[in-house]
Amino acid sequence: MLKWRILVIEDDDIVRDTIELLLKYKGYQVVTSVNGLDVDSQVEDFKPDLVLTDIYLGESDGREICQSLKNNPETSHIPVIIMSGASSDIYNTIVGVGANDIVLKPFDEQTLINRVQRQLSA
């Protein structure tokens, strides 16, 4: 069985660890990043099938990460889900950078898994 590879970019240790454990429990291969500054090398080395990134990162920004991935012909096919604790007006911003989906924080585990599965089966 193919194991989907997911790159998780989240600066909050507890949230990142929780997502990693949940995804691994569901059978996904997971690599994590605290700030996304090394996203280019991680994408090249790990070749993720999906990127799950927080929008507000300490030293980088999930929107910039998404836009960079979507503007690169070699990575534009990778679905990107952006996580945000911001209000629903963030949707226009997300669409503008080419994100495939958004998960508003706080989220329940099943919502996150459903969004991931939807992108990987598309």
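The lining of the largest pocket divides into four nonpolar, three polar and four charged residues (Ala, Val, Leu, Ile, Met, Phe, Trp, Tyr, Cys and Pro count as nonpolar, Asp, Glu, Lys and Arg as charged, and the others, Gly among them, as polar). The model is predicted, so local features need pLDDT of at least 70 and side-chain atom pairs pLDDT 80 or more, whereas totals for chains, interfaces and linings use all residues. Residues are numbered from 1 along each chain as its sequence is written, and side-chain values use heavy atoms, without hydrogens and water.

The pocket holds about 250 Å³ of space. A pocket is an open set of points on a 1 Å grid over the protein atoms alone, where a 1.4 Å probe fits, with protein on both sides within 12 Å along at least five of seven lines; lining residues have an atom within 4 Å of a point. Grid points are joined across faces, edges and corners, and the volume is the space filled by probe spheres set on the points. Lining residues include D40, V43, E44, K47 and P48. Helix α2 (residues 39–46) gives the largest share, three residues; helices (H or I, at least four residues) and strands (E, at least two) are DSSP runs, numbered from the N terminus.

K47, in the loop between α2 and β3 (50–54), has a positive phi near 50 degrees. K47 is partly exposed because its relative accessibility is 49%, between the limits for buried (under 20%) and exposed (over 50%; 1.4 Å probe, protein chains only). The K105 to P106 peptide bond is cis, with omega near -5 degrees.
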